[in-house]
Amino acid sequence: MKAIKVLGTGCPNCRRTVALIEQVAHDTGVAVTVEKVEDLPAIMGYGVMSTPGVVLDGTVVHAGGVPGRDTVERWLTS
Amino acid sequence: MSVLAERWPSRHPRALLGLAALAWVGLYETLLPASEALVAALPVERESHLGGALQFFLYDAPKVLLLLTGVVFVMGMVNTYFTPERTRAMLAVRRDGVANVMAASLGVVTPFCSCSAVPLFIGFVQAGVPLGVTFSFLIAAPMVNEVALTLLLGLFGWRIALLYLGLGLSVAVVAGWVIGRFRMEHHLEQWVQQMPKVAATHTLARLTVGERMAAGGESVRDIVGRVWPWVLAGIAIGAAIHGYVPEDLMAAIMGKGAWWSVPLAVLIGVPMYTNAVGVIPIVQALLAKGAALGTVLAFMMSVIALSLPEIVILRKVLKPRLIATFVGVVAAGILTVGYVFNFVL
């Protein structure tokens with residue numbers, strides 16, 4: 001079970017990122033929990049400066065912009 | 001064949017880039033004759049209003065879209081050299097003055113999305129970038145960007161594009177410097193002041209040319225894919241009023257003679273929220289109807305640089321007095337630009 005957090009203040013790109021991860025998880029059949037972190041101090045606590053950011057099992061793996069589909073697949077299957 | 005087509009770009013990215021550039025130039029050069037030929041093939045009189053409007057649209061629409069694609073692609077590649085982390089590290093070691101100029105210029109080339117404004121703001125302040133310098137960056141980043149400049153270049157010529165670039169940067173530099181003079185660090189929200197200080201370090205991601213090109217392609221898909229309907233709408237408006245509307249219609253209300261037109265334009269523009277592209281159709285229509293250039297540019301700048309949603313988001317980190325100062329100083333800067341423009345031209 002992978003724990004994914006999407007950091008973002010609720011902008012369209014953040015919503016797209018969440019949707020993409022859920023879609024890829026569904027397609028690949030990988031069990032994940034996707035949590036949206038919208039609280040600013042919490043986001044800043046991860047040291048991310050450009051949103052959306054993605055945290056995979058406690059590590060920041062992505063910041064700024066919607067990640068590519070193949071990148072998401074790599075996170076989920078690795 | 002398909003394997004070759006797949007591998008070739010990643011093995012010879014520079015060759016591909018050169019070929020793409022050649023194809024781009026070739027395409028650009030054929031636009032004018034192609035649009036004339038198209039209109040000639042249609043059952044309309046070339047010299048009529050309709051013929052003129054059609055030719056205008058058929059030439060300008062692909063021209064601006066082509067320009068936009070080229071510029072967004074190149075900027076997408078350039079952006080990979082200027083991550084926010086790197087920009088922050090460059091600014092953290094500088095003091096006021098020069099740093100304001102640097103911050104405004106970096107605002108143009110650093111990838112920026114308005115929803116990242118606040119995290120970026122805190123990240124800068126946390127690393128010890130002075131408040132005024134941070135503001136210079138935050139003002140320039142949305143206001144002076146490649147999309148706005150390309151549209152101005154494609155629709156109104158390089159003079160107006162350059163003027164917009166110069167004046168936008170000036171507003172960002174001066175406004176940031178002025179805000180810095182006010183020493184308002186304690187008007188940041190409490191939790192921002194209490195954030196632990198961090199060292200501004202950055203790890204330079206070593207990307208290959210191929211990866212940078214992929215980033216360029218990605219931004220073309222993202223930006224051009226999002227804005228093309230606006231661009232077409234803007235050009236369609238331009239084509240529709242091409243030779244139809246009497247030029248003095250707006251001149252009375254927004255012409256040079258009306259001194260109050262600039263503050264009015266800024267007042268209307270500040271709460272409005274749209275990006276550089278959404279405002280272009282309006283700019284197109286206003287200019288064609290005889291509104292003064294300074295007034296229109298002031299309107300455009302205030303729409304892009306200041307907006308209600310942005311102010312609401314910034315309220316999470318700035319206390320009301322600092323927000324008021326920010327809006328006031330930037331609006332004053334834009335106002336000056338509008339007046340200077342109308343006066344000089």
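The bridge partner of Leu56(A) in strand 4 of chain A is Thr59(A). Four bridges join strand 3 (residues 53–56) of chain A to strand 4 of chain A, and the two run antiparallel. Strands here are DSSP runs of E with at least two residues, helices are runs of H or I with at least four, and both are numbered from the N terminus. The model is predicted: local features need pLDDT of at least 70, side-chain atom pairs count only at pLDDT 80 or more, and totals for chains, interfaces and linings use all residues. Residues are numbered from 1 along each chain as its sequence is written, while chains are lettered from A and ligands numbered from 1 in the order in which they are written.

**The sheet of chain A**

Two strands pair if DSSP finds at least two bridges between them. The pairs compare as follows.

| Strand pair (chain A) | Bridges | Direction |
|---|---|---|
| Strand 1 (2–7) and strand 2 (32–37) | six | parallel |
| Strand 3 (53–56) and strand 4 | four | antiparallel |

In strand 2 of chain A, Val32(A) is the bridge partner of Lys2(A). From strand 1 the chain crosses through helix 1 (residues 12–28) of chain A to strand 2, a right-handed β-α-β crossover; right-handed means that, with the strands pointing away from the viewer, the path from the first strand over the helix to the second runs clockwise. The four strands form an open sheet with the order 2-1-3-4 and mixed pairing. Strand 2 and strand 4 (59–63) of chain A are at the edges with a single partner strand each, so one side of each has no neighbour in the sheet.

**Helix 17 of chain B**

Helix 17 (residues 320–344) of chain B has 25 residues and reaches 36 Å from first to last C-alpha, close to the 36 Å expected at 1.5 Å a residue; the expected span is 1.5 Å times one less than the number of residues. Its buried residues include Leu322(B), Phe326(B) and Phe341(B), where buried means 20 or more other C-beta atoms within 10 Å of the residue's own, C-beta atoms being placed from the backbone.

Leu318(B) is found in the loop between helix 16 (308–314) and helix 17 of chain B. Leu318(B) counts as buried because it has 22 C-beta neighbours inside 10 Å. Leaving out residues up to four places away in sequence, Leu318(B) touches His187(B), Leu188(B), Glu189(B) and Ile323(B); contact means C-beta atoms, placed from the backbone, within 7 Å.

**Chain B against chain A**

Contacts link 16 residues of chain B with 14 residues of chain A. Helix 6 of chain B gives the most to the side of chain B that touches chain A, with five residues.

Conventions: Buried ≥ 20, exposed ≤ 12 C-beta atoms within 10 Å, placed from the backbone. Contact = placed C-beta atoms within 7 Å.
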